[in-house]
Amino acid sequence: MTDQFEPTIIGFTCNWCSYRASDLAGTARMKYAPNVRLIRLMCSGRLDPTFVLRALSGGADGVMITGCHPGECHYIEQNYKALRRFLLLRRVLAGLGIEPERVKLVWASAAEGARFAAETTAFVEEIRKLGPLNWGKVSDELSEISEPVHEEVAA
Amino acid sequence: MTVNGNKPKFAMYWAASCGGCEIAVLNIHEKILDVDANFDVVFWPVAMDAKYKDVEAMEDGSILLTLFNGGIRNDENEHIAKLLRRKSKILVAFGSCASEGCIPGLANLSPVGEIVHTAFNTITTDNPNEIYPRVSFDVPEGELRIPKIEKVLRPLDLVVDVDYYMPGCPPESHQIAAVVDLVIKVVKGEAELPPKGSVIGAGDSTVCDECPRARNVKIIKEFKRIQDIAPVDPTLCLLEQGIPCNGPATRSGCNARCPGVGAQCIGCYGPAEGVMDYGARLITAFSSVIDATEPEEIDRILDGIPDPTGQVYRFNLAGSLLKANREAWKVK
Ligand code: SF4
Ligand code: SF4
Ligand code: SF4
């Protein structure tokens with residue numbers, strides 16, 4: 001055990017390309033950082049920015065969104081939607097004091113297991129440098145103030 | 001004030017608010033007489049003289065209906081919210097401030113220290129000796145206290161249990177009148193209350209649904225401020241004209257008041273039914289109209305929204321998933 005900070009990262013993969021890339025990385029026994037919890041969506045276009053905010057408010061330090069390369073989306077051009085959402089979301093996050101680098105978009109085809117593994121490891125290192133986001137903790141601190149309220153109300 | 005022990009009791013209170021919600025209630029015109037005829041108004045600082053101690057002396061649960069407007073910004077707001085919760089059977093988060101933070105909630109983008117500094121020591125404020133308010137101050141007569149500001153503004157339901165939410169900045173008069181009517185019917189046994197936690201006095205769809213403007217395929221190459229467009233097409237969807245209109249994510253109920261008269265919806269009715277995070281829904285809505293696939297071009301188009309965080313959370317920041325800027329959260 002070292003004392004180094006191990007970031008928690010939520011990864012959203014699309015069913016057709018990037019999830020298969022991660023699968024390939026796994027079956028090929030490629031080594032990559034184990035910090036990412038993957039959630040499979042049918043398409044990166046299903047990525048509702050709410051998911052990212054939920055992840056960050058629930059304790060994630062970073063979010064990785066992955067999809068098929070532009071032009072290769074199984075649903076024709078939904079990954080462009082993901083791209084546009086991602087770019088606007090990053091601007092909104094910056095306004096909330098969250099480093100936009102905490103959210104990353106990666107294109108990976110089903111054959112790109114190695115790319116998936118390398119990008120994941122690189123992202124984990126970037127987040128490690130940024131340090132913990134701790135959003136869950138800071139907001140909990142505030143709700144502590146209101147804790148006794150509910151008791152009082154019930155009385 | 002009616003003195004009739006048998007009538008159900010009514011209260012209204014303002015915490016961190018602008019007072020517009022109170023005016024909106026008075027603006028229900030002759031319906032206000034129904035309030036007086038059917039309720040015993042026991043506490044309503046803007047309309048009548050009553051003291052906190054009068055409320056403290058009331059039996060718990062003895063007020064039937066309290067309309068609470070304003071967010072919780074300081075310890076006095078918090079104290080009265082808890083007090084009124086205890087005394088009231090039905091507590092309504094009234095208006096956008098109480099429901100989701102509203103404009104005062106935008107202060108959650110800044111740490112408290114900065115807010116106080118801006119208010120008391122900027123070029124518009126002559127304060128050469130840097131005098132700032134203190135929570136307590138000793139004078140010969142004793143200790144003077146002013147409320148202590150909390151680090152972020154919270155919607156009412158983050159502080160006490162809330163029975164109903166009534167959105168709007170302020171809620172529309174016809175909606176207020178309908179809610180007053182409903183409560184009177186409930187008192188008479190002619191109607192039932194909606195399930196606890198419901199949004200009342202609003203629709204369950206989006207402002208776009210009520211908007212009279214024509215919609216085709218929305219694709220835009222540029223976002224623009226409405227004042228920079230001349231002339232604005234009076235019949236075409238504003239978003240389609242490149243004006244960031246918050247209608248697609250906003251709850252219906254105002255009859256699309258703003259787009260109806262040529263201004264974009266800025267979102268005062270809060271998130272539409274089923275929307276967990278208002279800003280996230282707007283990010284999706286705005287992204288889907290952008291007609292570009294290259295990151296550089298998308299970024300150029302997004303530059304047309306100069307304050308994206310304020311744009312997508314103008315009314316909802318304090319009620320959003322993240323609720324505040326990181327710096328504001330962290331301040332001790
Ligand atoms: S909701 Fe709007 S009108 Fe009501 S108190 Fe808040 S700012 Fe004023
Ligand atoms: S986006 Fe605005 S202008 Fe367009 S339909 Fe919706 S409410 Fe109306
Ligand atoms: S159109 Fe939008 S901003 Fe205007 S009153 Fe309705 S909800 Fe509020």
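I began with helix H2 (residues 49-57) of chain A, which packs against helix H11 (residues 278-289) of chain B at an angle of about 145 degrees, the axes 8 Å apart. The model is predicted: local features need pLDDT of at least 70, side-chain atom pairs count only at pLDDT 80 or more, and totals for chains, interfaces and linings use all residues. Residues are numbered from 1 along each chain as its sequence is written, chains are lettered from A and ligands numbered from 1 in the order written, and side-chain values use heavy atoms, without hydrogens and water.

Helices here are DSSP runs (H or I, at least four residues), numbered from the N terminus. Axes are lines fitted to C-alpha atoms over the stretch in contact, with angles from 0 to 180 degrees between N-to-C directions.

I looked up the residues in contact (heavy atoms within 4.5 Å). H2(A) brings Pro49(A), Thr50(A) and Leu53(A); H11(B) brings Ala280(B), Ile283(B) and Thr284(B). Ala, Val, Leu, Ile, Met, Phe, Trp, Tyr, Cys and Pro count as nonpolar, Asp, Glu, Lys and Arg as charged, and the others, Gly among them, as polar.

Next, ligand 3. Residues around it (a heavy atom within 4 Å) include Cys254(B), Cys258(B), Cys265(B) and Cys268(B). Helix H10 (residues 257-260) of chain B gives the most to this shell, three residues. By class I have eight nonpolar, two polar and one charged.

Then ligand 2. Its surroundings include Cys208(B), Cys211(B), Cys237(B) and Cys245(B), with Arg213(B) and Arg215(B). I find nine nonpolar, one polar and two charged residues in the shell around ligand 2.

How values were computed
Helix = DSSP H or I, 4+ residues; strand = E, 2+ residues; numbered from the N terminus.
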